[in-house]
Amino acid sequence: MTWLPVSVLFLGIILILVVDLIFREKAKVYTVILSVLTLSFSSLMVIQTKGTNAGSMFFFGDFYVFFSIVGLLSSIIVVFSAWKDYSVELDLGVFFSLLLLANAGGILIAASRNFIPLYLGYELVSIPTYAMIAFKKKNRSSAESGLKIFLLGALSSAIIIYGLAMYYGATGTLQMGGDIINHSKTLAIAALVLITVGSSFKIGLVPFHYWIADVYSGASVSVVNFLSASSKKMAFAFVFQIFFVGMSSWHNSYTYLFAILATFSVIVGNIVAVVQDRLLRIIAYSTIAQAGYIVMGIVAYGEGNTFTKELAMKGILFHITAHVLMKGAAIAAILVVISSTKSDHINNFRGLFHTSPITASALAIAFFSLMGIPPAAGFYGKFFLFLSLVEAGYEWLALIGIIGSAISIYYYGKVIRIMVDQPESKEKLNSFTPINVLLVVLTILTLLFGIFTQDLAIIAENIVAQNP
Amino acid sequence: MIPVEWFLTLSVVMFVGGLFGVLTQKNAMRILISVEIMLNAANLAFMAFNGVFYNADFPNSFSASDFEGWVFVFIIIGVAAAEAAIGLAIFLSVYRNFGEIQITNIFTLKEQEV
C-alpha cells in the first residue's frame, strides 16, 4: 500500500516498453497517453498514501506530497515537449521510461528519513538523467553535453557520499537528525562542507555552475525542460532533506556558507545572462539566479525562529511551483521556435508577436513572471523569500536579491522588445496543437497563481511543524 | 586492533588522490577511474566508522542500526557499478561521434565571444 505511487510508475514503465515494442511506428501517441496517465495516476496515489506509516526510514508527510507531485506533474510538461521535440525521430518509449524512472527516484528522495534511501533516490534521479541527455546518439552536441554532465555528476555524487561518510562519523547514525557526538566537531565541519559543495554542483550554484549553460545549449530542448523543471526540483528536495531534517540539530552552521553561495549565484547568474545572445543560454543563467533565490530561503530557514521558518518555507514552495510553471512555459515556447528555425539565436525571435501570437504571449508572460512582476506567479515566491530574509536579519542578502531582479528586467525586456519588432518575413511558424494547449494552460496557471497560495501556505506550515 | 585514525588517513589520501586525478587527467576514462577511487575512499571511511560504532557485545545483542555503515557500503558499490555502466555507454557514444575521448579536444560548446 505504501509504495503504490512507485509501483504505478514501474508498471507504467513496463507497459510503455511493451506498447513501444508491439506497435513500433504507431506507438508514439500511445506512449504519450500512457505516460501522462501513469504520471497523473501516480500523483493521485501520492495523495492517497499521505500519512501512512512505514517504519523509521520513511516519513510520508506534506514534504513528500508536495515534492512528489511537483516532480510528477512537471514531468507531464516534459512529456508534451518531448512529443513535439522527438516527433520525427527516435523511440519515445525508452525516453519516457527513463523519465518515469527518474520520478520514482524523486518520490524516494521526498519520502526518506534515512540517508541510505535518500542517496539511492538521488542516484535514481541522476543516472536516468545522464542517459536522457545523451539520448540522441548521432548528435555531437548531445553526446558532448552528456559526457559533461556525467563527469560532473559522478564527481559531485562522490563528494556527497564522502560527506555522508563524515556525517556518519560525526553522528554515529545514518538516520536523519542525529546529534554530533563528543570530539567529532571536525568531522561535522568536513561533512557540512563536502555535502554543500557536492549538492551545489547539482543545483548549479555559482562557483560550480559551468556545466549548466553548456548542457542547456547542447542537449535537446525537451531534456532541458526536464533538467530545469523536474530534475532540479528533486535535487532541491535532496538538499532540503539533508539540511532541514538531517542537520536540524547542528545549530544552523550552514547559513553563512549558503549566504555566500546565494550572493554569487544571484549576481553572476543575472550579470552573465545580460551578454548572452542565445535564448537557451539566457534561460540557463536565469536558472542559476533562480537557484540562488531558493537558496536564500535555506539561509532564512536555518537562521530564524518558527515564524521566519514558515515564511521561508512558504517562499520556497511558492518559488518552486512558480518556477516549474514559468520555466516550463518558456522552454516549451522556445522549443516551438527552434523546431521551425533550427536555432535559438535571439534574432530568430524577431517579430514573434506577429507570426505566432500564442507562443509569443506565453513567452512574454513567463518572462514577466521570471522578473517577479505581480499578478504573475514569480512575484509571490520572491516576496516571501525576501520577507523571510529580512525577518532573519539578513537584510543585505535581500537587497542583493532585489538588485538581481532589477538586472533581470533588462535582459528579459530585451527579448520581449525584439519579439514586438516587425518581423523580417511574414512566414507563420508551424504550430503543434498539444504544445499550444500546454502553453495556454501554463500561462493561465501562472496568471492565476494567487488562488493556490492559500493551500501552499498551509502545506508550508505543515512541513515546518513536521520537521524535527 | 588498528585504530580508526589510520583507516581515516588512508581514506583521506585516497579521496584527495582521486580528486587530484579528476582535476588533472584529460582522458574521460581516467577521470571515471579517479571517481571510483573517491567512492572507494568513502567506502573505507564507512567501514572504519561502523567498526567504532557497532555494539561491543555483538553476538549477544544487536539491532539493524548497528550495521548501517556496512549495509551502505554494499549499496554504494551497486550504485557505482550502475554509474560506470551508464558512463561507459556515454563514452562509447562520444567516441562514435568524435573519434576520441580526450576531453580537451571534444569540448566545443563554449561561451560566445563577448
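Biologist: In this structure, what is the relative accessible area of Met29(B)?

Modeller: With a relative accessible area of 35%, Met29(B) is partly exposed, a class lying between buried (under 20%) and exposed (over 50%), computed with a 1.4 Å probe on protein chains only. This is a predicted model, in which local features need pLDDT of at least 70 and side-chain atom pairs count only at pLDDT 80 or more, while totals for chains, interfaces and linings use all residues. Residues are numbered from 1 along each chain as its sequence is written, chains are lettered from A and ligands numbered from 1 in the order in which they are written, and side-chain values use heavy atoms, with hydrogens and water left out.

Biologist: Where is Met29(B) placed, and which residues does Met29(B) touch beyond four places away in sequence?

Modeller: Met29(B) belongs to helix H2 (residues 28-53) of chain B, where a helix is a DSSP run of H or I with at least four residues, a strand is a run of E with at least two, and both are numbered from the N terminus. Not counting residues up to four places away in sequence, Met29(B) touches Leu88(B), Phe91(B) and Ile101(B), contact being heavy atoms within 4.5 Å. From C-alpha to C-alpha, Met29(B) and Ile90(B) are 11 Å apart in space, although 61 residues apart in sequence.

Biologist: How many helices and strands does chain B have, and what percentage of its residues count as buried?

Modeller: Chain B has 4 helices and 0 strands, and 40% of its 114 residues count as buried. Among the contacts in chain B with a separation of 6 or more, 57% come from residues 24 or more positions apart.

Biologist: Where is Tyr54(B) found, and what does Tyr54(B) contact?

Modeller: Tyr54(B) sits in the loop between H2 and helix H3 (68-98) of chain B, and is partly exposed, with a relative accessible area of 30%. Leaving aside neighbours within four places in sequence, Tyr54(B) is in contact with Asp66(B) and Trp70(B); the C-alpha atoms of Tyr54(B) and Asp66(B) are 4.9 Å apart, at 12 residues in sequence.

Biologist: How should I read the packing between the chains, and at what angle do H6(A) and H1(B) pack?

Modeller: Two packed helices are described by the angle between their axes and the distance between the axes. Axes are lines fitted to C-alpha atoms, for helices over the stretch in contact, with angles from 0 to 180 degrees between N-to-C directions. Helix H6 (residues 140-171) of chain A and helix H1 (residues 4-24) of chain B pack at about 165 degrees, with axes 12 Å apart, and are therefore roughly antiparallel to each other; angles over 145 degrees count so, under 35 as roughly parallel, 65 to 115 as roughly perpendicular and the rest as oblique. Those meeting include Leu155(A) and Tyr162(A) of H6(A), and Phe15(B) and Leu19(B) of H1(B). By class, this contact of H6(A) with H1(B) has 10 nonpolar, 1 polar and no charged residues, where Ala, Val, Leu, Ile, Met, Phe, Trp, Tyr, Cys and Pro count as nonpolar, Asp, Glu, Lys and Arg as charged, and the others, Gly among them, as polar.

Biologist: Which residues of H7(A) and H10(A) meet?

Modeller: Helix H7 (residues 185-203) and helix H10 (residues 255-274), both of chain A, have axes that come within 11 Å and cross at roughly 25 degrees, and these helices are therefore roughly parallel to each other. Val193(A), Thr196(A) and Ser200(A) in H7(A) meet Leu257(A), Phe258(A) and Leu261(A) in H10(A). The residues of this contact divide into 4 nonpolar, 2 polar and no charged.
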